[in-house]
Amino acid sequence: MDALDTLKAENRLPVYLRVSMALTLEQYATYLDQRDLPWPAPPVVHRPKAKPHLKRMLEVRAVVWNVYGTLLAISGGELLFEHPQPLIQKVALDKTLQEFKMWASMSRKPGQPADYLLQMYKQVLLEQTSFPAGGEKYPETASDRLWEALIKKLLLKDYKWDAGFFGSLNEFSRKVAYFFHASLQGTVCYDGAVEALRHVAGCGLSQGLLSDGQCFTAAQLQRGLAKQDESAKLDELIGDSERWLSYEIRGRKPSERLFRQALTALAERGIQASEVLHVGSRLALDVLPARRLGMRTALFAGDKGSLAATGDQLKDDNRRPDVMLTELTQIADVVG
């Protein structure tokens with residue numbers, strides 16, 4: 001009997017799990033939080049030797065944040081599809097296989113089911129990355145689409161899941177993607193993330209996410225914010241229409257497609273590029289493309305694990321960001 005069956009038998013399911021409708025991704029993440037499952041530890045933040053460079057920007061009317069490495073610390077510094085340590089990759093796949101009972105639809109070839117799932121995963125990942133959409137120079141792979149393609153292969157061998165709990169194929173694929181990536185890399189919000197987002201929102205400025213991200217990125221960010229403050233709600237700080245993530249746009253940074261999507265939406269509200277501040281932790285992927293499109297820029301230099309900028313690069317007038325933050329809360333000294 002698994003954890004869900006135990007909860008059902010003991011009538012300890014939360015109210016939202018007792019109804020017939022399938023769980024949303026956020027509800028599923030909450031359900032996982034209530035189970036005693038092992039997860040990879042979040043990364044330890046190592047601060048670089050850096051001094052903040054702050055100045056007030058009265059012209060800024062919108063702040064758009066990078067997520068991984070800026071608001072959310074993640075082991076490895078960025079979201080990974082393949083972990084550089086093969087054992088960690090295999091463990092994450094094995095956990096996913098066990099959680100969603102995929103073994104019955106695995107090949108009967110000699111070897112462990114996780115090894116076969118790894119072969120399938122690598123094959124589908126290669127297929128997903130071999131045909132970029134619309135000639136995009138920096139194509140993004142959508143994790144939920146990857147798992148949907150993989151699950152379709154399992155369906156050929158009579159694989160089934162509880163649609164009443166997990167939802168349709170695309171809904172189920174999102175939950176599998178969330179579980180797999182949560183098993184692959186630990187995450188935690190950087191100190192001051194809630195305070196920084198609340199400051200921008202409290203000043204009446206537009207606020208958004210402009211980031212490489214997946215269908216589960218908002219759920220991971222919400223969990224990180226809630227650990228800092230249980231009352232923090234991402235939906236109240238940044239609405240769905242203010243989230244420009246690479247998995248939807250099918251282009252990842254430094255793709256101008258991603259940046260232009262955000263700028264077009266903001267322009268419809270009367271906000272010009274020069275009135276938008278982009279906060280990121282990587283010079284080449286965050287600062288430079290934002291500068292090229294006329295945006296204001298802030299480099300977050302609060303973690304060696306995610307900071308991608310050298311001292312020599314920062315001395316270059318053509319690369320230097322407008323401001324440099326060593327704490328997220330320093331955004332209060334820049335805007336509002």
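Contact means heavy atoms within 4.5 Å. The model is predicted: local features need pLDDT of at least 70, side-chain atom pairs count only at pLDDT 80 or more, and totals for chains, interfaces and linings use all residues. Residues are numbered from 1 along each chain as its sequence is written, and side-chain values use heavy atoms, with hydrogens and water left out.

**Exercise 1. The nonpolar cores**

Task: State which residues have the most contacts inside the largest nonpolar core, and list what Tyr-28 touches.

Solution. 
- Step 1. A nonpolar core is a set of buried Ala, Val, Leu, Ile, Met, Phe, Trp, Tyr and Cys residues joined through side-chain atoms within 4.5 Å. Buried means under 20% relative accessible area, exposed means over 50%, and partly exposed lies in between (1.4 Å probe, protein chains only).
- Step 2. The largest such core has 77 residues, and Tyr-28, Trp-65, Trp-147 and Leu-277 have the most contacts inside it. Helix H7 (residues 169-184) supplies the largest share, 8 residues. Helices (H or I, at least four residues) and strands (E, at least two) are DSSP runs, numbered from the N terminus.
- Step 3. With neighbours within four places in sequence left aside, Tyr-28 is in contact with Leu-23, Glu-99, Phe-100, Phe-165, Phe-166, Lys-175, Tyr-178 and Phe-179.
- Step 4. Another core, of 17 residues, lies apart from the largest one; Ala-62, Leu-258, Leu-266 and Ile-271 are among its members.

**Exercise 2. A buried serine**

Solution. 
- Step 1. Not counting residues up to four places away in sequence, Ser-173 touches Asp-144, Trp-147, Glu-148 and Ile-151.

**Exercise 3. Helices H3 and H4**

Task: Describe how the axes of H3 and H4 cross and which residues meet.

Solution. 
- Step 1. Axes are lines fitted to C-alpha atoms, for helices over the stretch in contact, and angles run from 0 to 180 degrees between N-to-C directions.
- Step 2. The axes of H3 (residues 86-99) and H4 (residues 113-129) come within 9 Å and cross at roughly 105°. H3 is therefore roughly perpendicular to H4. Angles under 35 degrees count as roughly parallel, over 145 as roughly antiparallel, 65 to 115 as roughly perpendicular and the rest as oblique.
- Step 3. From H3, the residues Gln-89, Lys-90, Leu-93, Asp-94 and Leu-97 meet Pro-113, Ala-114, Asp-115, Leu-117, Leu-118 and Tyr-121 of H4.
- Step 4. Sorted by class, this contact of H3 with H4 has 7 nonpolar, 1 polar and 3 charged residues. Here Ala, Val, Leu, Ile, Met, Phe, Trp, Tyr, Cys and Pro count as nonpolar, Asp, Glu, Lys and Arg as charged, and the others, Gly among them, as polar.

**Exercise 4. The sheet**

Task: Give the strand order of the open sheet, then explain why strand S6 is largely enclosed.

Solution. 
- Step 1. Two strands pair if DSSP finds at least two bridges between them.
- Step 2. The open sheet has 6 strands in the order S5-S4-S1-S6-S7-S8, with parallel pairing. S5 (243-245) and S8 (323-325) are at the edges with a single partner strand each, so one side of each has no neighbour in the sheet. From one strand to the next, the twist averages 20°.
- Step 3. S6 pairs with S1 in the parallel sense over 4 bridges, and Ala-62 stands opposite Val-276 in S6. Another 4 bridges join S6 to S7, also parallel, where His-278 has Thr-297 as its bridge partner.
- Step 4. In S6, 5 of the 5 residues are buried, so the strand is largely enclosed by the rest of the structure. Val-276, His-278 and Gly-280 cover one side and Leu-277 and Val-279 the other.
- Step 5. S7 (residues 296-300) pairs with S8 in the parallel sense over 3 bridges; Phe-300 has Leu-325 in S8 as its bridge partner.
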